[in-house]
Structures are given as C-alpha cells and as structure tokens.
Amino acid sequence: MAQIIEEAKKRLFLEMLLLGLAFLMLIAVGFWYLVFRPQHQLYQTITTIMGSLLFIVIIFLGLGIIGTVYAIIKGHTFPFLQNSIRFAVYLLYPMAIYVGKMLDIEKEAVERSFIAVNNQLVKAKVKGIPPQNILILTPHCLQKSDCPHKITVNAWNCKQCGRCSINGLLDLSCKYGVQVAVVTGGTLARIMIKKMRPKAIVAVACERDLTAGIQDAYPIPVLGVLNMRPEGPCMNTSVNLDLVEEKILELVQPLAAASGKR
Ligand code: SF4
C-alpha cells in the first residue's frame with residue numbers, strides 16, 4: 001500500500017512536468033506556424049531561430065523526463081542524462097507548481113511529489129557515502145517548545161530526556177556516526193552546511209522548506225523526510241525515526257538499497 005502511495009506521489013510531479021512540456025510544445029508549434037506564413041525576412045529569421053531553440057529545449061527536457069522515469073523504475077541513472085534530468089526536475093519545478101495551480105491541485109501535494117521524485121533520483125545516483133560525511137539537518141521546531149536547552153548552537157546540548165524526536169536523531173547519530181545539526185531556518189542551514197561540509201544530507205522539514213532546501217543545497221544530494229505536525233506548523237513537530245534511518249542506510253549502502261537486497 002505504502003509503495004502504491006509512493007508511486008502515485010512521484011507520478012503527480014511528473015504529470016505536471018509533462019503538461020508543462022506540452023504547453024511549451026504548443027508555443028513552439030505557434031512559432032513554426034509563423035515561420036511558414038508570408039512575412040518580412042527579418043521576422044521570419046527571428047521566428048525560425050526562436051522556434052528552433054524552443055524545440056532544442058523541449059528535446060532536452062523530454063530526455064530529462066525520460067531519464068527521471070527510468071531512474072524511478074530501474075533504480076539507476078545514465079550519467080549523460082544528468083544535466084537534462086536536473087534541468088527538467090529542478091529548474092522546471094516552478095512550472096510544475098504553476099501547472100498544478102491551474103489545475104487546482106494543492107501546492108503541498110506537488111511539493112510532496114517533487115520530494116519523492118528527488119529522493120528516488122538521489123537514491124539512484126549517490127553511491128556509498130561514509131557516515132561521517134552525512135548530515136541530518138533538522139528544524140528546531142522538532143524540539144519541545146518548553147525545553148530550555150540551546151540545541152541550535154550544538155545539537156549535543158540536548159539532555160536526551162526523550163520528550164521529542166531530537167533524542168532519537170542523536171541516537172541515530174551515535175549508531176551510525178552521522179552528523180546532526182538543528183537549525184532555525186535557511187540561513188543557519190546554509191552556515192551549517194558550509195561548516196560541516198557534508199557529502200550528503202538527510203533533511204527533515206515541512207514540504208515548503210524541504211523543496212527549497214533541496215534546491216538550495218545543490219550540488220549536495222539531499223534526501224527529504226517530511227515532519228509530522230500534530231500541533232500545527234512550526235510547533236512541537238516530530239519525525240518518523242525509522243524513515244530517517246532508512247534514508248541514512250540508502251546513502252551508506254545505496255547499491256544494496258537500490259537492488260532490494262537490504
Ligand atoms: S529530547 Fe528533551 S532535552 Fe532534548 S531537545 Fe527534546 S525536550 Fe529538550
């Protein structure tokens with residue numbers, strides 16, 4: 001069941017991209033219509049150049065979408081398609097959100113789908129990362145709001161009383177030797193990434209922060225895990241620790257994870 005939901009999630013974002021691609025094709029066809037209409041030589045040259053450029057972009061994008069679907073189905077990517085995939089998935093993300101909005105699809109649903117697609121691409125591409133080069137990056141809203149300890153300065157200031165998910169994340173850090181940072185927002189996240197210099201990140205956040213963080217952190221690969229918000233956004237949130245552990249293992253043992261031998 002979880003697998004079916006996961007597939008449906010990935011499909012939504014790809015569908016938005018395909019619709020966006022179809023829209024670009026319509027514009028390209030419009031340009032070519034203008035090319036073959038009798039008109040001034042200068043306009044004909046301009047429309048020919050623009051129509052040709054647009055078709056090249058569409059082919060590039062189409063290859064990126066094919067590469068993404070292949071990575072989702074087969075669990076690995078073709079290195080020569082990396083640029084097309086990046087262009088299609090990450091740079092066209094705003095277009096996918098826009099298409100979703102036109103179709104009255106909830107923005108968070110498209111964001112969740114983007115995160116699922118990104119996770120699959122990272123899983124397909126990233127090979128065994130040493131645990132000490134993995135950073136668990138998490139927002140401070142995971143901390144109990146009445147906890148007096150300043151864990152954004154140093155996550156290890158947490159006394160591990162067990163009242164919030166920070167406790168479990170530190171346990172995972174001890175178990176696997178990965179780093180942990182608790183941040184108050186994008187700026188501190190960037191500072192921590194610069195300071196800790198991870199080769200891969202397991203990020204915990206809401207849909208909006210995860211999609212922004214995944215794009216901000218590029219070229220560092222990020223596996224996203226959505227937080228849970230029983231008391232609403234940004235307040236006493238929590239995270240499924242099994243999912244975080246699964247993502248760490250995917251980065252440490254990607255070949256085994258990709259081939260289903262775990
Ligand atoms: S586990 Fe306890 S001490 Fe640590 S951050 Fe959460 S509430 Fe504070």
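In which loop does Pro219 lie? Select Pro219 to begin: this residue is in the loop between α8 (207–217) and β4 (222–226). Helices (H or I, at least four residues) and strands (E, at least two) are DSSP runs, numbered from the N terminus. The bond to inspect here is the peptide bond from Tyr218 to Pro219, which is cis, with omega near 15 degrees. Most peptide bonds are trans, and most residues other than glycine have a negative phi.

This is a predicted model, in which local features need pLDDT of at least 70 and side-chain atom pairs count only at pLDDT 80 or more, while totals for chains, interfaces and linings use all residues. Residues are numbered from 1 along each chain as its sequence is written, and side-chain values use heavy atoms, with hydrogens and water left out.

**The whole protein**

Next, display the entire protein. Ten helices and four strands make up its secondary structure, and their order along the sequence is α-α-α-α-α-β-α-β-α-β-α-β-α-α. Along the principal axes, the C-alpha atoms fill a box of roughly 75 × 40 × 40 Å.

Of the 262 residues, 44% count as buried; buried means under 20% relative accessible area, exposed over 50%, and partly exposed in between (1.4 Å probe, protein chains only). The protein exposes about 14,100 Å², with carbon and sulfur atoms supplying 64% of that area. Such areas come from the Shrake-Rupley method with a 1.4 Å probe, and for residues only the protein chains shown count as cover.

Among contacts (heavy atoms within 4.5 Å) with a separation of 6 or more, 65% join residues 24 or more positions apart.

Select Leu17, which lies in helix α1 (residues 2–35). Is Leu17 buried or exposed? Leu17 is buried, with a relative accessible area of 2%. Neighbours within four places in sequence aside, Leu17 is in contact with Ile65, Ala88, Val89, Leu92, Met95 and Ala96.

Move to Ser84, in helix α3 (residues 82–91). Ser84 counts as buried, at 3% relative accessibility. Residues up to four places away in sequence are not counted here, and Ser84 touches Phe60, Leu63 and Gly64.

**Two exposed residues in loops**

Select Asp104, in the loop between α4 (93–102) and α5 (107–125). The phi of Asp104 is near 65 degrees, a positive value in a residue other than glycine. Asp104 is exposed, with a relative accessible area of 73%.

Then select Arg197, in the loop between α7 (186–196) and β3 (200–205). Arg197 is not a glycine, although its phi is positive at about 45 degrees. Its relative accessible area is 64%, so Arg197 is exposed.

**The ligand**

Which residues are around the ligand? Select Gln143, Lys144, Cys147, His149, Cys158, Lys159, Gln160, Cys161, Gly162, Cys164 and Asn167 to show them. A residue belongs to this group if one of its heavy atoms lies within 4 Å of the molecule. The shell divides into four nonpolar, five polar and two charged residues. In this scheme, Ala, Val, Leu, Ile, Met, Phe, Trp, Tyr, Cys and Pro count as nonpolar, Asp, Glu, Lys and Arg as charged, and the others, Gly among them, as polar.
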